[in-house]
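Hi everyone, thanks for coming. I'd like to walk you through one structure today, so let me put it up on the screen.

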Amino acid sequence: MLIVAFLFRETRMMSTKGVLGSPKPAKRVKLTSVEPTRDELLEERKKLPIFPAKGKLLQNVQQVSTAIIIGETGCGKTTQIPQFLYKAGMHRNHTIAITQPRRVAAISIAERVSKEMGTELGQTVGYCVRFEDVSCQATKIRFMTDGMLLRESTLDPLLKRYSFVILDEAHERTVHTDVLFGVVKGAQKRRRAKGLPQLKILVMSATMDVDQFSQYFDCAPVFYLEGRQYPIQVKYSVQSQSDYLFSALVAVMQIHQEAPLGQDILVFLTGQEEIESAVHTLRDIVKDVTKQYAPMIVCPMYAALPTGQQMRIFQPTPGGVRKVIVATNIAETSVTIPNIKFVVDTGMVKAKIFNPNSGLDMLKVCWVSKSQAWQRTGRAGREAPGTCYRLYTEEEFEQFSTNTIPEIQRCNLSSVILQLLALGISDIVHFDFMDKPRPEAILAALDQLVLLGAVEKQEKVQLTLLGRQLAAFPLDPRLSRVLLGAKEFDCLEEMLTVVSLLSVESVFHTPYNKRDTAHAARQKFISSEGDHLTLLNVYRAYKGVKGDKQWCQENFINARNMQTASQIRKQLREICVHLQLPFKSCGQNTGVIRKCLCHGFFTNAAELQHEGVYKTVASKKTVVIHPSSSLFMRKPGCVIYNELVQTSKCYMRNLSVVDPQWLYEAAPTYFKRKKTAN
Ligand code: CDP
Ligand code: MG
């Protein structure tokens with residue numbers, strides 16, 4: 001392994017302000033999309049490493065009830081295996097479910113496979129993700145998020161519709177996939193016991209602890225698919241980097257200047273805002289007419305990016321241009337990006353962390369695991385030898401944990417436990433988990449559900465009527481609680497709006513170079529009561545102009561996210577109709593909305609201490625208001641928030657001003673207990 005001082009040299013390069021040659025505007029580059037025909041796709045597919053293994057694979061799968069399949073990213077597991085099974089008739093006219101941890105992956109792969117099969121999306125091949133089901137009774141290959149299959153299992157615990165469940169990207173160990181392992185394994189056993197048709201389980205990944213998985217699935221056999229992997233040079237940073245975002249930009253610009261064009265770069269960062277900022281900075285740098293940079297196409301890639309924009313990364317790079325893709329860990333294994341020669345790995349990932357002692361669930365930027373780092377590295381050697389620049393030292397790398405800790409051991413479990421209870425599984429502690437969640441985390445989640453009124457503990461833990469209603473919504477139980485609580489406050493119409501808007505990424509659109517204008521345009525929506533009412537104002541104005549696109553543009557509102565929110569609202573409304581909730585509007589009496597929010601988020605309250613510094617009521621943690629909040633300048637005495645995000649400070653996001661008395665009224669037991677504890 002080589003250790004190169006590339007960051008040292010480059011820091012100097014970035015700060016040099018010389019004018020080299022005559023100024024010349026950078027060329028604008030556009031990507032054109034050429035749709036391959038089905039025959040061309042077939043030719044491409046035949047070259048996939050999985051193709052020669054088809055016969056043997058099918059033969060093996062025929063003989064067993066559960067199998068584990070390992071093969072390099074891009075070898076064809078996700079797109080080809082379901083088609084092989086279908087074409088061979090092994091699905092026995094039932095449906096094949098393929099789960100994905102990410103909705104983007106489920107959608108884009110379903111699109112790809114329906115194209116390969118020459119069928120209309122939503123017919124033989126379809127997908128089902130939260131708030132969007134593009135499939136029908138006739139669908140035989142159904143890509144779904146793990147969360148959706150889990151939800152479906154609460155209605156049909158034996159998963160009778162399916163002959164195959166393929167648990168893909170198993171190494172990611174999302175909470176939903178982990179719970180599905182147990183649920184699907186249980187369904188397979190019970191079907192066998194009842195003499196029902198067999199349910200076959202395939203567990204797939206590019207990398208995983210094979211022994212652990214095989215053992216868990218009753219010694220299931222493991223099939224290794226030959227992959228193509230070219231040698232990759234790994235270059236570590238010679239010293240620790242204090243600002244990984246800056247270092248990443250420097251590394252990209254150095255590669256851009258030194259490496260021949262036509263060799264693309266993939267950069268791993270942690271989240272949407274950071275990625276957008278990096279993308280704009282890079283575009284600005286290459287636009288600099290005083291320097292003669294070769295043309296560069298810079299594409300962001302993260303889960304919340306509109307699908308159309310995501311598809312740009314798969315389009316071939318024109319000659320004489322370099323493509324740079326700035327992505328989250330989504331590009332580690334679940335999507336395959338062609339033509340990557342260089343990987344720039346910051347070693348960072350945004351992960352959900354839950355502290356059962358404080359009851360706090362938050363997003364935190366932290367180091368990846370060694371196995372993640374190797375997956376990132378692997379992206380550079382798919383089609384030819386490549387190079388991976390690690391923006392951390394080799395000593396730092398040695399400190400990384402070997403594998404990623406399963407999400408189930410580090411996040412709030414209330415949502416999953418609610419679903420397990422709805423499945424009729426009350427003995428959570430003895431559920432067949434591959435890795436058990438910490439007992440404190442289970443207790444903390446049960447406690448939260450009891451406080452929300454969803455669960456009662458008598459001889460055994462069980463759902464209340466309210467709990468069953470909460471489980472009907474595909475939402476965090478706290479958000480569902482707020483919707484159910486709205487009937488008391490006659491504000492269900494408004495609450496549906498607020499909850500739907502909280503379920504999409506930001507409704508505000510802030511172009512990098514028009515920040516001030518966007519900020520000024522936004523002022524008219526700002527409510528002194530907080531972000532929830534600001535969101536409501538935006539939605540009311542949006543509906544007032546019937547969702548006019550021009551209006552959205554002028555007001556810097558993200559039209560697409562607003563549309564999505566409207567669709568989500570419609571679906572949540574249907575669930576409310578089903579539950580016979582009264583649809584009432586509170587009109588201008590918006591205080592009740594904030595009161596109602598307290599019924600779901602009483603554990604997320606914070607009090608002002610001094611100069612903008614708050615302390616959370618639950619655990620006395622020091623927090624501040626996120627700069628994007630409408631209360632950022634106002635600093636009220638007492639607030640509730642929807643989430644905490646830890647970066648340089650711990651920020652509260654999506655806040656409302658509340659009266660401490662409302663909090664007490666919402667959860668007297670909780671606050672009495674807090675008082676005694678203090
Ligand atoms: O699942 P695995 O990582 O083994 O591979 P896959 O997702 O089945 O992808 C197989 C090949 O299909 C990749 O190498 C891509 O070239 C191609 N593909 C694509 O072009 N567009 C997609 N949306 C998905 C896959
Ligand atoms: Mg795959």
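Let's start with strand E4, residues 125–129, which is joined to E5 by three bridges, the two strands running antiparallel. Please keep in mind that this is a predicted model. Which residue of E5 is the bridge partner of Val129? That would be Glu132.

As a quick reminder, strands of a sheet pair through backbone hydrogen bonds, and they can do so either parallel or antiparallel.

Eight strands make up an open sheet with mixed pairing, and the order reads E5-E4-E6-E3-E7-E8-E2-E9. So why is one side of E5 and of E9 left without a neighbour in the sheet? Strand E5, 132–134, and strand E9, 222–224, stand at the edges, and each has a single partner strand, so each has one side without a neighbour. From one strand to the next, the twist averages 20°.

What lies across E4? That's helix H5, residues 103–117, which also lies across strand E3 (95–100) and strand E6 (141–145). Relative to E4, H5 runs at about 170°.

Last stop: a pair of helices. Helix H9 covers residues 244–258 and helix H10 covers residues 272–287; their axes come within 11 Å and cross at roughly 40°. The crossing of H9 past H10 is right-handed. On the H9 side, the contact has Leu245, Ala248, Leu249, Val252 and Met253, and these meet Glu274, Ala278, Thr281, Leu282 and Ile285 of H10.

Key:
Residues numbered from 1 in each chain as written. Chains lettered and ligands numbered in written order. Predicted model: local features only at pLDDT ≥ 70, side-chain atom pairs only at ≥ 80, totals over all residues. Pairing = 2+ DSSP bridges. Helix = DSSP H or I, 4+ residues; strand = E, 2+ residues; numbered from the N terminus. Axes fitted to C-alpha atoms, helices over the stretch in contact; angles between N-to-C directions. Contact = placed C-beta atoms within 7 Å. Left-handed = near helix turned anticlockwise from the far one by under 90°.
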